[in-house]
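The following exercises concern the sequence and the model shown below. Each task is followed by a solution in steps.

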Amino acid sequence: TSCGANWLAHFLLSTGGASDLTGSFRLYERRALESILPLVESKGYAFQMEILVRAHKAGMRIGEVPITFVDRIYGESKLGANEIFMYLKGLLQLFFTT
């Protein structure tokens, strides 16, 4: 699911080369957040994408800290139909408005 979501986001959005738009460990400079957060409208997974898209469009440098996810052994995914719908809605909103 994450691979497909990332592929679709990369295809539709200008992301500044970030490899993982739907998760990962991120650090932001305070000035970046102070200028971007008042503009953010997305919720859920799209929230992370919107911050990256807006930072890239503002000419901010985007760096990544690599992390390794281990496949789930116990429990089930938290990702349900509502989260998928909200992700797609946020993705399309970013595509048409940024």
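## Exercise 1: Packing of helix 1

In this predicted model, the buried residues of helix 1 pack against helix 3 and helix 4 (81-97).

**Task.** Identify the buried residues of helix 1 (residues 2-12) and determine on which side of the helix they lie.

**Solution.**
1. Buried requires a relative accessible area under 20%. In helix 1, the residues that are buried are Ala5, Asn6 and Ala9.
2. These residues span an arc of only 95° around the axis, and therefore lie on the same side of helix 1.
3. An α-helix has 3.6 residues a turn, so residues three or four places apart point the same way.
4. The face turned away from the buried side of helix 1 bears the exposed residues Cys3, Trp7 and Phe11.
5. Leaving aside residues up to four places away in sequence, Ala5 touches Thr22 and Tyr87.

## Exercise 2: Nonpolar cores

**Task.** State which residues make up the largest nonpolar core, and which element gives the largest share of this core.

**Solution.**
1. The largest nonpolar core has 12 residues in all: Ala5, Ala9, Leu13, Ala18, Leu21, Ala46, Met49, Leu52, Val53, Tyr87, Leu91 and Leu94.
2. Helix 1, helix 3 and helix 4 are the elements that each give two or more residues to this core.
3. Helix 3 supplies the largest share of this core, with 4 residues.
4. There is also a second, separate core of 6 residues, among them Ala32, Val40, Ile51 and Ala55.

## Exercise 3: The second largest pocket

**Task.** Describe the volume and the lining of the second largest pocket.

**Solution.**
1. The volume of the second largest pocket is about 410 Å³.
2. Its lining consists of 18 residues, and those nearest the centre are Leu27, Tyr28, Arg61, Ile62 and Gly63.
3. Helix 2 (30-36) and helix 3 (45-57) are the elements that give two or more residues to the lining of this pocket.
4. By residue class, the lining of the second largest pocket comprises 10 nonpolar, 2 polar and 6 charged residues.

## Exercise 4: Tyrosine 74

**Task.** Where is tyrosine 74 placed, and is this residue buried or exposed?

**Solution.**
1. Tyrosine 74 is found in the loop between helix 3 and helix 4.
2. A residue counts as exposed when its relative accessible area is over 50%.
3. The relative accessible area of tyrosine 74 is 72%, so tyrosine 74 is exposed.
4. Tyrosine 74 and glycine 17 are 57 residues apart along the chain, and their C-alpha atoms are separated by 33 Å.

Methods:
Residues are numbered from 1 along each chain as its sequence is written. This is a predicted model: local features need pLDDT of at least 70, side-chain atom pairs count only at pLDDT 80 or more; totals for chains, interfaces and linings use all residues. Side-chain values use heavy atoms; hydrogens and water are left out. On a 1 Å grid over the protein atoms alone, a cavity is a set of points where a 1.4 Å probe fits but cannot get out, and a pocket is an open set with protein on both sides within 12 Å along at least five of seven lines; lining residues have an atom within 4 Å of a point. Grid points are joined across faces, edges and corners, and a volume is the space filled by probe spheres set on the points. Ala, Val, Leu, Ile, Met, Phe, Trp, Tyr, Cys and Pro count as nonpolar, Asp, Glu, Lys and Arg as charged, and the others, Gly among them, as polar. Buried means under 20% relative accessible area, exposed over 50%, partly exposed in between (1.4 Å probe, protein chains only). The arc is that of the directions from the helix axis to the C-beta atoms. Contact means heavy atoms within 4.5 Å. A nonpolar core is a set of buried Ala, Val, Leu, Ile, Met, Phe, Trp, Tyr and Cys residues joined through side-chain atoms within 4.5 Å.
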